[in-house]
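Hi everyone, thanks for making time for this one.

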Amino acid sequence: MRQPGAYSNLLSGGKTGPHSLPLARIKKIMKKSGEDVKMISGEAPIVFSKACELFIEELTRRAWAMTLQRKTRTMHKEDVAAAVMETDIFDFLVGLVSHTPNPSATPES
């Protein structure tokens, strides 16, 4: 009898679908990552999908904290940029975000 894989219950509640992110698109990106990537198991895109979801959730939480610091209720790109700039684990994104000051933000002394 086949035993469940290590990542079988990775999705919320052990569901096998539907996935929040399109697995076919993830697999396509994985294949484009290098010429030596030829074969990808069926579980690998599921793991990447979950990792992407967790990444988005964490970045959103930190950006929302920046939004609340500005005492507003709408998250803007400046909030995301500030979250990236103030969080060490997002250092790899620093070059992708432009940290432009928000006119409604309070100036620092």
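Let me begin with a definition: helices (H or I, at least four residues) and strands (E, at least two) are DSSP runs, numbered from the N terminus. On that basis the protein chain has three helices and zero strands, and along the sequence the pattern reads α-α-α.

Some housekeeping before the details. This is a predicted model, where local features need pLDDT of at least 70 and side-chain atom pairs count only at pLDDT 80 or more, while totals for chains, interfaces and linings use all residues. Residues are numbered from 1 along each chain as its sequence is written, and side-chain values use heavy atoms, with hydrogens and water left out.

Now the chain as a whole. Buried residues make up 21% of the 109 residues; buried means under 20% relative accessible area, exposed over 50%, and partly exposed in between, with a 1.4 Å probe and protein chains only. The accessible surface comes to about 8,500 Å², and 58% of that belongs to carbon and sulfur atoms. Those areas come from the Shrake-Rupley method with a 1.4 Å probe; for residues, only the protein chains shown count as cover.

Let's turn to helix 2. With 27 residues, helix 2 reaches 40 Å from its first C-alpha to its last, close to the 39 Å expected at 1.5 Å a residue. The expected span here is 1.5 Å times one less than the number of residues. Just after helix 2, lysine 71 takes a positive phi of about 60°.

What do the buried residues of helix 2 pack against? They pack against helix 1 and helix 3 (77-86), where contact means heavy atoms within 4.5 Å.

Take helix 1 to start with. Helix 1 (residues 23-32) and helix 2 (residues 43-69) pack at an angle of about 100°, with their axes 9 Å apart. Axes are lines fitted to C-alpha atoms, for helices over the stretch in contact, and angles run from 0 to 180 degrees between N-to-C directions. Helix 1 and helix 2 are therefore roughly perpendicular to each other: angles under 35 degrees count as roughly parallel, over 145 as roughly antiparallel, 65 to 115 as roughly perpendicular and the rest as oblique. From helix 1, Leu23, Ile26, Lys27 and Met30 meet Ala44, Pro45, Ile46, Phe48 and Ser49 of helix 2. By class, that contact has seven nonpolar residues, one polar and one charged. Ala, Val, Leu, Ile, Met, Phe, Trp, Tyr, Cys and Pro count as nonpolar, Asp, Glu, Lys and Arg as charged, and the others, Gly among them, as polar.

On to helix 3. Its axis and that of helix 2 come within 8 Å and cross at roughly 110°, which makes helix 2 roughly perpendicular to helix 3. Helix 2 brings Leu59, Arg62, Ala63, Met66 and Thr67 to the contact, and helix 3 brings Asp79, Val80, Ala82, Ala83, Val84 and Glu86. The classes here are seven nonpolar, one polar and three charged.

Let me finish with two residues from that contact. Leucine 59, in helix 2, counts as buried because its relative accessibility is 15%. Leaving out residues up to four places away in sequence, leucine 59 touches Val80, Ala83, Val84 and Phe90.

And is aspartate 79 buried or exposed? Aspartate 79, in helix 3, is buried, with a relative accessible area of 2%. With the sequence neighbours up to four places away set aside, aspartate 79 touches Ala63, Met66, Thr67, Arg70 and Thr74.
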